Amino acid sequence: MTRSLSQCVIKLHEEHHDLEDYQGGVPRWCNGCGDNAILAAMQRLCSDENLAPENTVFVSGIGCSSRLPHYMKTYGFHGIHGRAFPVAEGIKMARPDLNVFVSTGDGDCCSIGAAHWIHALRYNMNLTVMLHDNHVYGLTKKQASPTSPRGFKSNTTPYGATLEPMNPLTVSLGVQGASFIAQAVDWIPEVLYDIMRAAFRHRGFSFVRVLQRCPEFMPKAFDPWLHDPQKTMLLTHRDGLQLSAGLSSTYRNQREHDPINIDRAREIASLEDPIPVGILYRNPDAPCYEDLRHAGQMRSPEYIRAGLNRELDKYTVWPDDEAATRRVA
Amino acid sequence: MNDTLTLTPPAATRTPRPAQPIAEHIVEVISDSGEGAQRCGQSLAAIAARMGNGIWTTEIIPAEIQPPARSVAGASGIRIRIGSERVTNGGDQTDLVVAFNEQVLIGRVQADELKPGATILLESMWSEHRDAAIVASYAKTVAALKRDGFKVYEVPLEARCKELVSDPRKGKNMFVLGILCNLYGLDAALAREQIARIFGKKDAKVITSNVALYEAGAAWAEANLDFKYRIPAQRSNQAQVVINGNTAVALGVMASGMDICAMYPITPATSVSHYLSEVFEKVGGLVHQAEDEIAACAFAIGASYAGKCAVTVTSGPGYSLKQEAIGLAVMAEIPLVVVNVQRGGPSTGQPTKVEQGDALAAIFGSHGDAPKVVMAPCSIEDCFYSVITARKIAETFGMVVVVLSDASLSTAQQPFPRPEFSEDWLAPPVDQTPVPAGGKPYDWDPVTGLSRRFQPGQPGGMHTLTGLAHDRASKVAYDPTINEEGLRARSLKLAALQKTLKAPPVFGGNDGDLLLVGWGSTMGAIEEAVTRLRAEGLAVSSMHLRFLQPMPSGIREILKRFKYVMTIEGNWSDKPEDELIDEDNRRYSALAMMLRSRFLVDIDCWSEARGQPIKPGDICRVARDALQLKGKTS
C-alpha cells in the first residue's frame with residue numbers, strides 16, 4: 001500500500017539550531033545591496049522556526065537574487081535562469097515533507113520565468129517565495145527589467161525605458177489559485193522578517209515581493225520612500241502585521257486591511273504612491289496541488305508488481321487460452 | 001436493398017469457398033479521418049495475435065486532425081501485416097485493401113502502396129450519390145483500377161449497416177472487421193471478445209449493436225466473396241502481450257519504479273502520458289502536465305534531485321526546448337530519463353510522421369560538453385525494457401539517459417513475451433542516511449568519475465547544487481583546473497558505462513561483402529531484407545545498435561570483417577548524385593557520421609526521410625545496388 005513519506009520520518013530528538021547553523025559562505029553581493037537584508041531575514045526565520053537544515057532547500061534561478069542559496073547552510077539548488085519555480089515544484093512533489101524556499105529576481109521571475117510564475121501561483125504548492133525586485137538586471141550589469149520605471153536609462157535603454165513597468169502584485173492577484181501575496185521592503189527589516197514568517201507559516205504558495213535596493217545600478221531609485229515614511233503605507237490587521245510601538249511612531253501611514261478581501265487587495269496593489277507594505281492577500285483554504293495529487297506516497301514493490309500485472313493482464317494472450325483449441329483450422 | 005453492385009452471385013448458388021493457405025498478408029483499411037478504420041485494423045491485429053499469428057500494425061495518419069472528406073491527401077487508416085511467423089515491420093506493399101471511398105484509395109495507389117493486382121474492397125455507396133460529380137469520379141476510378149489490373153469488389157458497406165444502426169458511418173468499421181475476420185478465418189468468439197473489450201467502457205447496448213455489425217459483415221463476406229485465406233498460426237507456449245510502443249514505454253515507466261513523469265502534450269509522444277495518466281496513479285505514481293516543455297523537464301529534475309529518478313516524455317520540438325535544463329542535469333549530475341518519440345523535423349516538421357532525425361541532437365545537444373547516454377529501442381518489447389534500463393543507468397551513473405523511440409514504434413503493435421516483474425527493476429528507496437563528516441557531494445572517483453549523490457533529508461550532506469562549474473564540494477569554481485576536473489569526471493562516466501556494454505550481435509553471417517548498420521525502429525525491416533538477400537545468395541549481414549552513446553566495444557572488429565559497410569537510416573543524408581555533392585561536402589546520416597569519426601572507416605549510408613517506415617524491399621534494392629557498384633569498382 002502507499003503511505004506518505006513524512007509519516008515514515010522518525011524524529012528521535014528535536015535538535016535546536018542556532019543562527020550559525022544556517023550561515024553558509026560569505027555573501028558576495030555589493031555593499032549596501034538589499035539582498036543582504038533578505039538573507040538575514042531568512043537565516044533568522046530558519047533559526048526561529050528551528051528548521052532542520054537537512055530538510056530545508058533554497059531553490060533559485062539565475063541573477064544576483066539567485067546566489068542566496070550559496071549563503072545558506074541548508075540544501076540549495078542554484079539552477080537555470082527563470083526555472084526556479086518548476087524545479088521547486090518537482091522537489092516539493094517528490095518530497096512534500098521538505099521546507100522549500102524560492103529566491104528569484106525581477107528578471108528571473110517576471111521576465112524569462114513569467115510563464116512559470118503564473119502557473120506556480122495556480123498550482124499553489126506549499127513554497128515560500130521571495131521576489132528580490134530591484135527594478136534592474138544586476139548580474140549582467142544594468143539592463144532594464146520588466147519592473148524598471150519608464151524612462152530608466154540602462155545599457156539596453158540608453159534613451160530611457162520605453163514601457164510602463166509591470167506590477168508583480170497586480171499580476172499575481174489576477175491569477176486564479178493565488179493564496180498569499182505580500183510586499184516588503186529591504187529597508188524595514190523588522191517588517192520584512194514578520195512578512196517572511198507569515199509567508200512561511202502560510203500553507204500554500206506564498207509570494208512576497210521585496211523591494212530591494214541596488215546601490216550599483218539603481219542607487220537612488222527608492223530614495224523618496226527612504227526619506228519620507230509617509231510614502232509607505234503599512235497594512236495592519238489582526239490576521240496580518242502587528243507593528244511595534246517604534247515602527248508605529250515612524251510609519252504613521254497605516255491602513256487596516258483584512259487579507260481575505262481580494263477586491264481590496266487588488267485596489268491596494270495598484271497603488272504607486274504611497275506603496276503598500278504588508279500582507280495584501282491570504283486565503284488559508286486554497287487547496288495545494290501536492291495535496292490534490294497525493295504527493296509523497298511510498299510504494300512497496302508488491303504494490304507496483306500488482307499494478308503492473310493488472311495492466312499487463314489487459315493485453316495478454318495466454319498460452320492456455322481456450323480459444324486456441326477453437327481456432328479455425 | 002440494391003445488391004446489383006456486387007460482382008459475385010448470391011451465396012445460395014455457390015459452394016463453400018476453400019481457404020487458400022498463405023504465409024502472410026498485408027491488409028489496409030483506409031478511410032476519411034474519424035471513420036474508425038484504425039480501430040477496425042487494431043482489432044483485426046489483436047484477434048490475429050490472439051490466435052497466434054505474428055502481426056505488425058502501421059498507422060496511416062494524415063497530418064491534419066480533420067482533413068477534408070474524400071480527399072486524396074486525407075487517407076487515414078491502418079496497415080496490418082499478418083504472418084505465420086513473427087512479424088517485425090510493416091512490409092512492402094499491400095495485398096488487400098478496404099477503402100471507404102475512392103479518393104483515399106487513389107492516395108494509396110499513387111503512393112505505390114498497393115501490390116500489382118491487389119484485391120480492393122471498395123464502399124459502393126458513392127455510385128448512387130446525389131452529387132453527379134462524385135458518381136462520375138467513383139465510376140472513373142473503379143474503371144481505372146480494373147484496367148490497371150486490381151481486383152475490385154464493390155461492397156455496400158453503409159447500405160448494409162443502415163439495416164442495423166442509425167448512423168452507418170460510425171458503425172461500418174465493425175462491419176468491415178466482420179468481412180476481414182471471415183476472409184482470414186479468424187475466430188468469431190475472439191472477435192466478439194475483442195469488441196466487448198474496445199467498447200467495454202460503454203453500455204451493453206453498444207457492444208451488442210457492434211457485434212451485430214461484425215456478424216453482418218462476416219455473413220456478407222461468406223455469401224458474396226469468392227475467396228478466402230488461411231494464415232497458419234503457431235500459438236506460443238509463452239504468455240504474450242500485444243501492445244504498441246507508447247503503451248510499452250508507459251508500462252516501462254511503471255515497471256522501473258519511477259514515481260514522477262512530467263510532460264507537456266506533443267504528438268506523437270502524448271499517448272504515453274494519456275495511458276500513464278490513467279494507470280500510474282493507481283500504483284502511487286504521478287503524471288504532471290506542466291505549463292510547457294521546459295517546465296516539464298525542470299520539474300522532473302527537481303523531483304529527481306529530491307527523490308527517485310524522474311522521467312519526462314516528449315518529441316522533437318519539446319526535446320529542443322528542454323536542452324538547457326538537460327544541460328543542468330548533466331552539470332549537476334542529476335539522474336534523468338528523457339523519452340523522445342521522434343517525429344519529422346526540423347521545427348514543427350511532420351508531427352505525425354516517423355523520422356530518425358534526433359540522434360545527433362540527443363548525443364550532442366545542449367551547449368558545452370554535455371555527455372549523455374543515448375539509447376534506441378528497436379522493437380516494441382525494447383520500448384518496455386529500455387525505460388527500465390534507462391532508469392537504472394541514470395541513477396547508477398548520475399546521468400541523463402535519452403531514449404529515442406519514434407512515431408513508427410509509437411503506434412505499431414507487436415506481440416512479445418509477457419514481462420515477468422522483477423524487484424531488481426525498481427529504484428532503491430531514497431538514501432536518507434547521514435553523510436560522514438568531510439563527505440563531499442562530488443567526490444569523483446579518479447577512474448570512473450562516479451560519485452555518491454547527496455539528497456535533501458540527508459544530515460551532513462547540505463550543499464548548494466549549481467549549474468555553475470564547481471569543485472568536489474559543489475563550490476563555484478572559476479579555477480581552470482577545477483573546471484577540467486569536473487569535465488573529466490562527467491566524461492569518464494560514459495567510458496565507465498561503455499565498459500559494461502556487450503558488442504551488438506551480427507545478424508546473418510559473421511563476415512561477408514556487405515554489412516548494413518542500423519539503429520532504432522528499422523531493425524525489423526533491415527533484418528528481413530538481410531534474410532531475403534541471403535536467400536538470393538548474397539553475403540549480406542546487419543548489425544543493430546541499441547546504444548548510440550556510448551557505443552559498445554567490439555564494433556571496430558565487426559566492421560573489419562566486411563568489405564563494404566553502410567548504414568540504413570530514416571533521416572537526411574546528402575545524395576552523392578546531386579550536382580554539388582562530393583566527398584568533401586557530403587553530409588552523412590547520423591549514425592554513419594558517428595561511425596566514420598569514431599572508427600576511421602569509410603562507411604557509406606543510405607537514408608530516406610519521407611515520413612514513412614523504411615521498407616525491406618527498398619533496403620534489398622539499395623543493398624543489391626551497393627554490391628553491384630562495389631563489384632564494379634573493386
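## A tour of chains A and B

Select Ile30(B) to begin: Gly77(B) in E4(B) stands opposite Ile30(B). Helices (H or I, at least four residues) and strands (E, at least two) are DSSP runs, numbered from the N terminus. This is a predicted model, in which local features need pLDDT of at least 70, side-chain atom pairs count only at pLDDT 80 or more, and totals for chains, interfaces and linings use all residues. Residues are numbered from 1 along each chain as its sequence is written, while chains are lettered from A and ligands numbered from 1 in the order in which they are written.

**The sheet of chain B**

Now select strand E2 (residues 24-31) and strand E4 (residues 76-83) of chain B. They pair in the antiparallel sense over 8 bridges. Two strands pair if DSSP finds at least two bridges between them. Widen the view to the open sheet of 6 strands, ordered E3-E4-E2-E5-E6-E7 in chain B, with mixed pairing. At the edges are strand E3 (54-60) and strand E7 (151-155) of chain B, each pairing on one side only. From one strand to the next, the twist averages 15°.

Next, helix H3 (residues 132-147) of chain B. Helix H3 lies across strand E6 (114-123) and E7 of chain B, running at about 150° to E7(B). Axes are lines fitted to C-alpha atoms, for helices over the stretch in contact, and angles run from 0 to 180 degrees between N-to-C directions.

**Two loops with positive phi**

Go to Arg70(B), in the loop between E3 and E4 of chain B. Its phi is near 50°, a positive value in a residue other than glycine. Then pick Asp112(B), in the loop between helix H2 (102-110) and E6 of chain B. Asp112(B) has a positive phi of about 60°. Most residues other than glycine have a negative phi.

**Where the chains meet**

Show both chains. The contact takes 63 residues from chain B and 52 residues from chain A. Residues are in contact if their C-beta atoms, placed from the backbone, lie within 7 Å. Helix H10 (residues 293-306) of chain B gives the largest share of the side of chain B that touches chain A, 10 residues.

Zoom to strand E14 (residues 316-317) of chain A. It pairs with strand E9 (residues 240-244) of chain B in the antiparallel sense over 2 bridges. Val317(A) stands opposite Gln240(B) in E9(B).

**Last stop: cis peptide bonds**

Select Asp273(A) and Pro274(A). A cis peptide bond joins them, with omega about 0°. Another cis peptide bond joins Gln549(B) and Pro550(B), where omega is about -5°.

Terms used. Two residues are in contact if their C-beta atoms, placed from the backbone, lie within 7 Å.
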